[in-house]
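This briefing is meant to be read with the sequence and the model side by side. Please look up each residue as it is named, and follow the topics in the order given.

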Amino acid sequence: MSRRLLGIAAAALVMVAPRLAAQQGGSVELGAFGRYNWFDSKEPFKDAFGGGGRLGVFFNPNLEFEGQVSYAKTSFDGTGDIGYTPITGRLQYNLWGGGSTGWIFGLGYTYHMFTKDFEKNLGGAQGLVGFRVGRAFGLRADVTLDYIFHGWNDPGVSGTKGNWNPGVQLGLSYLTGTNPDHDKDGIKDKADACPGTPAGEPVDATGCSASQRDTDHDGVKDNIDKCPDSKAGSPVDATGCPPDSDGDKVVDSADKCPNTPSGEAVDANGCSASQRDTDHDGIRDSLDKCPDTVAGTAVDATGCPLDADNDKVLDTRDRCPNTPAGEPVDVNGCSASQRDSDGDGVKDSVDKCPNTAPGSKVDGFGCSVVLFEGAMKALVLEGVTFQAGKATLTPASSNALDRVAAGLKEYQDLTIEIGGYTDNTGKRATNVRLSKARADAVKAYFVSKGIAASRMTTKGYGPDGPIADNKTSDGRAKNRRVEIKKTSK
């Protein structure tokens with residue numbers, strides 16, 4: 001009967017184990033051990049060594065149901081031959097430590113079978129404290145304590161109910177399924193870089209699905225990443241692409257115009273015509289009527305170089321920036337009312353002596369004036385000309401002579417010498433006579449203007465005292481001149 005019960009119990013354990021494992025998806029523990037049994041002093045049995053095996057099924061990584069069977073050969077008061085077979089079923093809690101070690105705490109029921117010279121079957125409770133080293137294949141040590149509910153009630157046995165039988169076990173265990181695949185993605189947990197894969201999602205060799213994987217490490221999972229090859233460290237938007245704040249298809253990192261109005265076409269820099277300033281003059285291309293302005297040039301609101309007086313000469317070249325409206329100008333932007341060709345400070349529009357020698361003192365009409373104060377050097381009467389080879393004044397001489405006559409009238413006490421000069425062409429005597437006649441013609445003109453003849457003397461110097469080189473036509477022209485100089489106060 002005892003062998004039959006043992007077989008039934010073992011068969012039941014074997015049948016239950018795979019069902020529980022399948023139901024809970026846990027691992028199975030198989031083990032063999034050596035055991036030493038101590039019997040309560042109330043019991044007439046001799047302590048004995050034995051051995052056995054165990055089979056456990058894990059409901060989860062911690063909770064386990066374990067069944068074990070052991071056998072030991074003992075004796076009755078030192079006589080007889082008794083077989084002792086305890087069959088135990090326990091619920092155990094595995095408290096795993098770091099690495100592959102752990103404590104075991106169990107509580108269950110033991111069916112004690114005594115056979116051969118003494119046959120008796122008794123039930124009782126069992127507690128277990130154990131320690132294991134190694135997960136898949138390791139060493140396990142247990143301490144058990146059995147409490148037998150009933151006494152023996154047999155002739156020759158004095159024990160009563162409530163016997164305590166301790167024991168120790170040392171053996172090896174092998175755990176299957178120690179590398180489970182909890183998320184059922186086909187990748188065992190130890191190799192699974194993404195252990196919580198949602199059901200049904202395909203995974204790569206690391207156990208990661210697109211919803212878990214971030215191939216380019218941009219913080220956006222592959223299943224929603226529209227730019228899966230983003231450069232490491234680059235900022236990206238919610239789709240995993242470099243941000244394009246204004247939606248112009250030029251990413252912000254390359255966009256020189258990040259606020260392009262919606263719908264406007266842009267160039268490679270992300271700038272539309274309403275934003276682009278090709279010539280960098282501060283005027284956008286959409287408003288710039290002069291899109292090729294030289295860098296640094298001041299421009300107006302249309303992007304064109306400034307022409308404040310609208311004379312069509314840019315301010316950068318305009319020497320007369322305030323030309324009155326409508327007046328024609330020269331290449332320097334100056335009109336006749338502004339131009340001073342001879343640089344004497346009198347505008348051409350009122351300058352009656354437009355070719356005054358540089359540095360000459362002039363009156364309000366731009367003509368040289370006699371310096372009537374202090375020591376006076378000879379003053380060339382600019383603009384006084386004669387008919388060729390004659391002492392006849394040209395009409396153009398009137399302006400210059402009138403200016404001198406006005407000065408002589410202001411200084412009534414001034415007397416002057418009027419000297420005539422020629423170049424060195426021709427005979428000296430002829431030139432002296434001609435220069436004297438020309439000096440006399442000037443004197444006559446001054447007399448006609450109300451200057452007393454007594455205030456003026458004349459002299460002809462001919463070719464003497466040249467002021468320029470007679471070898472050139474320009475030099476000879478300068479030497480043919482009339483000069484005045486002060487003779488008294």
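Cys320 is buried, and so is its partner Cys334; the two cysteines form a disulfide in which the sulfur atoms are 1.8 Å apart. The model shown here is a predicted one, and within it the protein has 4 helices and 12 strands. Of its 489 residues, 39% count as buried, and residues 24 or more positions apart account for 43% of the contacts with a separation of 6 or more.

**Disulfides**

- The link of Cys320 and Cys334 is right-handed, with 85° about the S-S bond. Both cysteines lie in the loop between E8 and E9, so the pair ties together parts that are 14 residues apart in sequence.
- Cys257 is joined to Cys271 by a disulfide with an S to S distance of 1.8 Å, and this link is right-handed, with 85° about the S-S bond. Cys257 and Cys271 both lie in the loop between E8 and E9, so this pair ties together parts that are 14 residues apart in sequence. Both Cys257 and Cys271 are buried.
- Cys194 and Cys208 form a disulfide as well, with their sulfur atoms 1.8 Å apart, and their link is right-handed, with 80° about the S-S bond. Cys194 and Cys208 are found in the loop between strand E8 (163-175) and strand E9 (379-380), so the pair ties together parts that are 14 residues apart in sequence. Cys194 is buried, and Cys208 is buried too.

**Helix H3**

- Helix H3 covers residues 428-448, which makes 21 residues, and it reaches 30 Å from its first C-alpha to its last, close to the 30 Å expected at 1.5 Å a residue.
- Which residues of H3 are buried? They are Asn431, Ser435, Arg438, Ala439, Ala441, Val442, Tyr445 and Phe446. Seen down the axis of H3, these buried residues fall within an arc of 150°, so they line one face of the helix.
- On the face of H3 turned away from its buried side, the exposed residues are Arg433 and Ser448.
- Just after H3 comes Gly450, which takes a positive phi of about 95°.

- As a general background, nonpolar side chains tend to be buried together in soluble globular proteins.
- The largest nonpolar core has 21 residues, and those with the most contacts inside it are Leu381, Ile418, Val442 and Phe446. Helix H2 (398-410), strand E10 (415-421), H3 and strand E12 (481-488) each supply at least two residues of this core.
- What is Val442 in contact with, leaving aside its neighbours within four places in sequence? Val442 is in contact with Leu381, Val384, Phe386, Leu393, Leu401, Ile418 and Val482.
- A second, separate core has 7 residues, and Phe39, Phe45, Tyr84 and Phe114 are among them.

**Aromatic rings**

- Ring pairs link Phe39, Phe45, Tyr84 and Phe114 into a cluster, and these four residues also belong to the second core described above.
- Across the whole structure, a search finds 10 aromatic pairs. One of them is formed by Tyr36 and Phe49, which are 4.4 Å apart centre to centre with 65° between the planes, and this pair is edge-to-face.
- Tyr36 is in strand E1 (residues 28-37) and Phe49 is in strand E2 (residues 48-58), so the pair links distant parts of the chain, 13 residues apart. Phe49 is exposed, with a relative accessible area of 65%.
- The rings of Tyr147 and Phe149 have their centres 6.0 Å apart and their planes at 65°, so this pair is edge-to-face. Tyr147 is partly exposed, with a relative accessible area of 27%, and Phe149 is partly exposed as well, with a relative accessible area of 37%.

Terms used:
Residues are numbered from 1 along each chain as its sequence is written. This is a predicted model: local features need pLDDT of at least 70, side-chain atom pairs count only at pLDDT 80 or more; totals for chains, interfaces and linings use all residues. Side-chain values use heavy atoms; hydrogens and water are left out. A disulfide is a pair of cysteine sulfur atoms within 2.5 Å. Buried means under 20% relative accessible area, exposed over 50%, partly exposed in between (1.4 Å probe, protein chains only). The expected span of a helix is 1.5 Å times one less than its number of residues. The arc is that of the directions from the helix axis to the C-beta atoms. A nonpolar core is a set of buried Ala, Val, Leu, Ile, Met, Phe, Trp, Tyr and Cys residues joined through side-chain atoms within 4.5 Å. Contact means heavy atoms within 4.5 Å. Rings of Phe, Tyr and Trp (its six-membered ring) pair if their centres lie within 6.5 Å; planes under 30 degrees apart count as stacked, over 60 as edge-to-face and the rest as tilted.
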